[in-house]
Amino acid sequence: MRLVVVGCAGSFPGPDAAASAYLVQADDAKGRTWTVLLDLGNGALGPLQRYGDPTALDAIALSHLHADHVADLVVLNVLRRYHPDGALPPVDLYGPEGTTERLAQLAGKDPATDMGGQFTVRTWDPAAPVTVGPLTLEPVPVEHPVPAFGIRVTGPAQDDPARRVVLAYTGDTDECAGLDALAHGADLLLAESAYLEGRDDEVRGVHLTGRRAGAAAARGGSRRLVLTHVPPWNDPQVTLAEARAVYDGPLALARPGDVHVL
């Protein structure tokens, strides 16, 4: 299983990174590569095209409905709708309740961005994991101002397909039981770290700091931690240092184009 970082800027695109978007890929026993897209925020459709055909996704999984995680679905719809190869079968899109209405709101009244027919929208059910080829997706409710989910993805290890490994993506969240469930035993915890210790202490229920992300990884025994969703106005080295103070495992900042092999 592989994680490809497409976009990793927090809250809005930065000069060097689009907003949140990640590919998870795994090969099945017949050698077919399956691809799931986690979120597609502002500016992410452009770099997504560097890593393959964006019309060939096997599924799309949304953590929540803020624009920096879903806005480029509107232009993915345009790409799909007017593709010169003609009509494309709809792709399964999993998200919180209200996903269809939110995408319609973003599309507005422009018929070129009518969302109809391009996505089969399915609502997350925490009690019902989703199977996509060799991958299993489990939504985990987390704490954010809107309904939000982290996503645990279980799939075959790259070096031994008989062994199962876990990628846990926090989406946007503060500390909560869901965060701890995501981090528990994860081979790689992809954790948002939008806030800074000291500066943002009075704002709770929205985002993690590097320290909170590191503490969750340490509590849960996560084997690797990758920090993401760092806004362009933050110094990422400060975020990294916060996490390193409380987590002694392998630690990295997400960067566009990075490939993390599990």
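1. The protein contains 7 helices and 14 strands. The model is a predicted one, in which local features need pLDDT of at least 70 and side-chain atom pairs count only at pLDDT 80 or more, whereas totals for chains, interfaces and linings use all residues. Residues are numbered from 1 along each chain as its sequence is written, and side-chain values use heavy atoms, with hydrogens and water left out.

2. As to overall dimensions, the C-alpha trace spans about 55 × 45 × 35 Å along its principal axes. The radius of gyration is 17 Å, which agrees with the value near 18 Å that a compact globule of 262 residues would have. That radius is taken over C-alpha atoms, and the globule rule is 2.2 Å times the number of residues to the power 0.38.

3. Of the 262 residues, 55% count as buried. Here buried means under 20% relative accessible area, exposed means over 50%, and partly exposed lies in between (1.4 Å probe, protein chains only). The protein exposes about 10700 Å², of which carbon and sulfur atoms supply 53%. Accessible areas come from the Shrake-Rupley method with a 1.4 Å probe, and for residues only the protein chains shown count as cover.

4. Contacts, defined as heavy atoms within 4.5 Å, also deserve a remark. Among those between residues at least 6 apart in sequence, 63% join residues at least 24 apart.

5. An open sheet is formed by 7 strands in the order E7-E8-E9-E10-E11-E12-E13, with mixed pairing. Strands E7 (130-132) and E13 (251-253) stand at the edges with a single partner strand each, so one side of each is left without a neighbour in the sheet. Neighbouring strands of this sheet are turned by 20 degrees against each other on average, direction ignored. For pairing, DSSP must find at least two bridges between two strands.

6. Within this sheet, strand E8 (residues 135-142) and strand E9 (residues 148-156) run antiparallel and are joined by 7 bridges. Pro139 stands opposite Ile151 in E9. Helix H7 (residues 236-244) packs on the sheet, where it touches strand E12 (225-228) and E13, and its direction makes about 160 degrees with that of E13. Axes are lines fitted to C-alpha atoms, for helices over the stretch in contact, and angles run from 0 to 180 degrees between N-to-C directions.

7. Val166 is placed in strand E10 (residues 164-169) and counts as buried at 11% relative accessibility. Leaving aside neighbours within four places in sequence, Val166 is in contact with several residues, among them Met1, Arg152, Asp187 and Leu262. By contrast, 34 Å separate the C-alpha atoms of Val166 and Gln105, which are 61 residues apart along the chain.

8. Strand E1 (residues 2-7) is mostly covered, with 6 of its 6 residues buried. E1 pairs with strand E14 (residues 259-261) in the antiparallel sense over 3 bridges, and Arg2 stands opposite Val261 in E14. E1 is also joined to strand E2 (residues 21-27) by 5 bridges, again antiparallel; in this pair Gly7 stands opposite Ala21.

9. Ser20 is buried at a relative accessible area of 0%, while Ser11 is partly exposed at 38%. Not counting residues up to four places away in sequence, Ser20 touches residues including Gly7, Asp39, Asp68, His69, Tyr169 and His229.

10. Backbone geometry calls for a separate comment. Most residues other than glycine have a negative phi. Ser11, however, has a positive phi near 75 degrees. Asp39, likewise not a glycine, has a positive phi of about 65 degrees. Asp39 lies in strand E3 (residues 33-40) and is buried at 0% relative accessibility.

11. How many disulfides does the structure hold? There are 0, a disulfide being counted as a pair of cysteine sulfur atoms within 2.5 Å. Cys8 is buried at 8% relative accessibility, and Cys176 counts as buried at 19%.

Definitions and conventions
Helices (H or I, at least four residues) and strands (E, at least two) are DSSP runs, numbered from the N terminus.
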